[in-house]
Amino acid sequence: MSWLNRAARGIQSLAKQKDVPDNLWQKCPGCGEILYRRELERSWYVCGACGFHLPLDAVRYIDLLLDADSWEELYAGVTSVDPLGFRDSRRYPDRLRVARRQTGREDAVITGRGRLDGLPVNLAVLDFAFMGGSLGSAMGEKIARLLLDASSQRRSAIVVSRSGGARMQESLFSLMQMAKTAAVLARLREEGVPFISLCVNPTYGGVTASFAMLGDLNLGEPGAMIGFAGPRVIKQTIGGDLPEGFQSAEFLLEKGQLDQVVERRRLKATLATILRWFCEDRDVSIPGPVRE
Amino acid sequence: MPETTKGPWLDFERPIVELEERIRTLEASAAVGGVDVADEVAHLRRKAVRLSDDIFSKLEPWQRVQLARHGRRPTTLDLIERIFTQFVPLHGDRQFRDDPAIVGGLARLEGRPVLVLGHQKGRDTRSNVQRNFGMAHPEGYRKALRLMTLAERFERPIITFIDTPGAYPGLGAEERGQAEAIAHNLRAMAALRVPTVAVVTGEGGSGGALALGVADRIYMLENAVYSVISPEGCAAILWRDAAKAPDAAKAMRLTAADAFRHTLIDGIVGEPVGGAHRDHAAAALAVKAQLLDALAELVALDQKTLRERRLAKYLAMGEWTERR
Ligand SMILES: [Zn+2]
C-alpha cells in the first residue's frame, strides 16, 4: 500500500473518530490491527504493532513536547476576517463559523510559550481540524508574533506544521503570509535564535513553501506526506502514476530535504538534545524563570 | 495605433481589431486611388479609442486573466530589451542546471548598474515547451537567488519581473525541493541589503511568483493578476469544477486594482490602450518610468532603514481581528 493511501486513511479514521467520539477501538491504517483507544492515548497514537503514526490532535502536541504545566497560550484571540468577501458554494464567514464551533479555536494554529525539558521555547502547532490547517492572515500574524517574541526574548522556536497549504479564501492575503513569516525568520536567523520545523502528516503548499522548510533543522514524522504540489496535481501534470513512497518523509529524507525522520515518542528527547546543542553556553533559551 | 494587428485575439478584443483593420484597408485604398479619406480615418480612429476604452473599462476579472496570459503579451525578455541599455544574461544555479523558465543578468537602467531577472514564457508552442510555460523548477529559483546575492555583494539594486502560472508541479521539482527553494528565496529576499523592486507583468501565480516577489516596492501592470492559486486550481478545489475558473477569478479578487486597494502592492503601472500586448514599447516605457521613480527613493535609504522598512511592510500585510 502506498504511503499516500495510508496517510489518506489515517485522516479518514480521524474523521470517523470525531463522528463517534465514544468508540473504544480503532483499526490501524498501517497494519489493520485493532487498537484500543486507551492504549493509543498512552502511545501518542502510534500503533504498537507496526509503528504507524495515526493523526494526533494539535493540542496533544503541546502535551507531547512541553513540560507539564509550563504552557502559556498567546494570541488566542487573533481571529480570521473575510477581507475579500469570498464566496464559493458557501460564504467564507460561514466556513469560519463551522470551524470555530468544531475546534473551539479562533483559527488554525495554537501559539504560546512553554518549557521543553526545562528549556524555554516558543511553540506553534497547526490545527488541521480547522479548515485543513490552512495559512491565512490570522495564522500568519500569530506565527509572526510568536517568532518576533522568540527573537526579542531569545527563546528557541518550534513550529509543528500540518496543513493543506494556503487559505484560498484569502487569496493574495494568504500568499503574503508566506513572505511575512519568512521575513521574521530571516531576523531570527541573523540573531542566532534557533528555529526547528517539524512536518507531520500532511504538510503541503504554502506552508511547506514558507516556514515549514525554513528550520535550522527540518524534521518529519514517519510516513508523513510532505510536498509543495499535491499528489493529484502532480499526477495530472505528468499524466502517470507516482513512484511508491513519493513525498513521504522517508522519501524527503533520502532526497536530502529533511534532517531526520523522528518517531513521535522520541520527539521530545530529540528536540531537547538538538536545542541544548544550539543553546548551551549561549544567550538563548536560558533555563530559569521566564524572562519578560 | 498599435504596432501590430497579428493575432491570436481574445473574443472581447475582436471588435477593436476589426475596426483597426477597416482603417488600414481604407488608408490602403486611398493611397492607391488618391481619394482623401483623412476625415473618415480620424473619425474611425476616435471611434476605435472610444470602443477600446469602453471595453477595457468594463473588463471582468476573468478577462484580465486572459489578458495577463495573452499570447502576445510582452515577456520578461521583451521588457528587458526595451527598458535597459545593456543586458548581460547569466545562467545556471551551479548545482543542477540552467532553468530556461527564469532569465536574469547584469543590466543598466539609464546607465546605472542593476541586476534584472524574471520568469520567462515562450511566444509559441516550441518556445513555450523550452521555457516550460514560465513554470520554474527549484534550480530556477536557486539561480535567481544566486544572482540576487551576486547583486548584493556588488551593491546593485535588483529588479524582478513576475510572469508565471506557478512553480512547476512535477516529480523532479518535488525531489529537488520545490518548496524549500521557494521558501529559501522568500527569507533571503526579505534580508537583502540592496533595494529591490518587483513588477508583476502578467500572471502572478502563487508561490512560484512570490519566490521572485519579496521586495521593497511591488507593482502590477494594469492587466496583470496575482493570486494564491490559479483560478482553475481554485475552481477545481472549491467548486469541484475547473470550468468555474471565471467565478474563482472573481472571488479571489486577483486584479491589480484589488491588490492596490488591499495595500498589498505599492502601485499600478498603466498599460497602453488595448493592453500591453498591443504596444510593447509603450508598456516598457511605463514600467521603466515606475522603476526609475522607485529606485530614486530607495537608493537614498541606508541599509538598516531599507531592511527595517521592508520587514515592517510585510508585517503589516494581512487582515484579522483580535478578541480579548
Ligand atoms: Zn499498525
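Reader: What makes strand S4 and strand S5 of chain B a pair, and in which sense do they run, parallel or antiparallel?
Author: Strand S4 (residues 158-164) and S5(B) are joined in the parallel sense by 6 bridges. The model is a predicted one, in which local features require pLDDT of at least 70 and side-chain atom pairs pLDDT 80 or more, while totals for chains, interfaces and linings draw on all residues. Residues are numbered from 1 along each chain as its sequence is written, with chains lettered from A and ligands numbered from 1 in the order of writing.

Reader: Which other strands of chain B pair with S5(B)?
Author: Strand S6 (residues 217-221) of chain B runs parallel to S5(B), joined by 4 bridges, and here B:Val200 faces B:Met220 of S6(B). Strand S7 (residues 225-227) of chain B is also parallel to S5(B), over 3 bridges. B:Gly205 has B:Ser227 in S7(B) as its bridge partner.

Reader: How do you know that strand S5 of chain B is mostly covered?
Author: A residue is buried if 20 or more other C-beta atoms, placed from the backbone, lie within 10 Å of its own, exposed if 12 or fewer do, and partly exposed in between. Of the 10 residues in S5(B) (196-205), 10 are buried, and the strand is described as mostly covered. For chain B as a whole, buried residues amount to 50% of 324.

Reader: Why does the radius of gyration of chain B agree with that of a compact globule?
Author: The globule rule is 2.2 Å times the number of residues to the power 0.38, with the radius taken over C-alpha atoms. For 324 residues a compact globule would come near 20 Å, and chain B has 21 Å, so the two agree. Its C-alpha atoms fill a box of roughly 65 × 50 × 45 Å along the principal axes. In chain A, with 292 residues, the corresponding figure for a compact globule is near 19 Å, and the chain has 19 Å, which again agrees. The C-alpha trace of chain A spans about 50 × 50 × 40 Å along its principal axes.

Reader: How many helices and strands has chain A?
Author: Chain A has 10 helices and 10 strands, and chain B has 14 helices and 9 strands.

Reader: What makes strand S3 and strand S10 edge strands of chain A?
Author: In chain A, 7 strands form an open sheet with mixed pairing, in the order S3-S5-S6-S7-S8-S9-S10. Strand S3 (72-74) and strand S10 (260-261) each pair on one side only, and are called edge strands. Within the sheet, S5(A) and S6(A) are antiparallel over 8 bridges, and A:Val109 stands opposite A:Leu126 in S6(A).

Reader: On which side of helix H3 of chain A are the buried residues?
Author: In H3(A) (residues 58-65), A:Ala58, A:Tyr61 and A:Leu65 are buried. They lie on the same side of the helix because they cover an arc of only 35 degrees around the axis, judged from the directions from the helix axis to the C-beta atoms. An α-helix has 3.6 residues a turn, so residues three or four places apart point the same way. Their cover includes S5 (109-116), S6 (119-126), S7 (156-163) and helix H10 (267-279) of chain A, where contact requires C-beta atoms, placed from the backbone, within 7 Å.

Reader: How many residues of each chain take part in the contact?
Author: Chain A gives 51 residues and chain B gives 46. On the side of chain A that touches chain B, H6(A) has the largest share, 16 residues. Strand S4 (78-80) of chain A also pairs with strand S9 (residues 320-322) of chain B, antiparallel over 3 bridges. In that pair, A:Val78 has B:Glu322 in S9(B) as its bridge partner.

Conventions:
Helices (H or I, at least four residues) and strands (E, at least two) are DSSP runs, numbered from the N terminus. Two residues are in contact if their C-beta atoms, placed from the backbone, lie within 7 Å. Two strands pair if DSSP finds at least two bridges between them.
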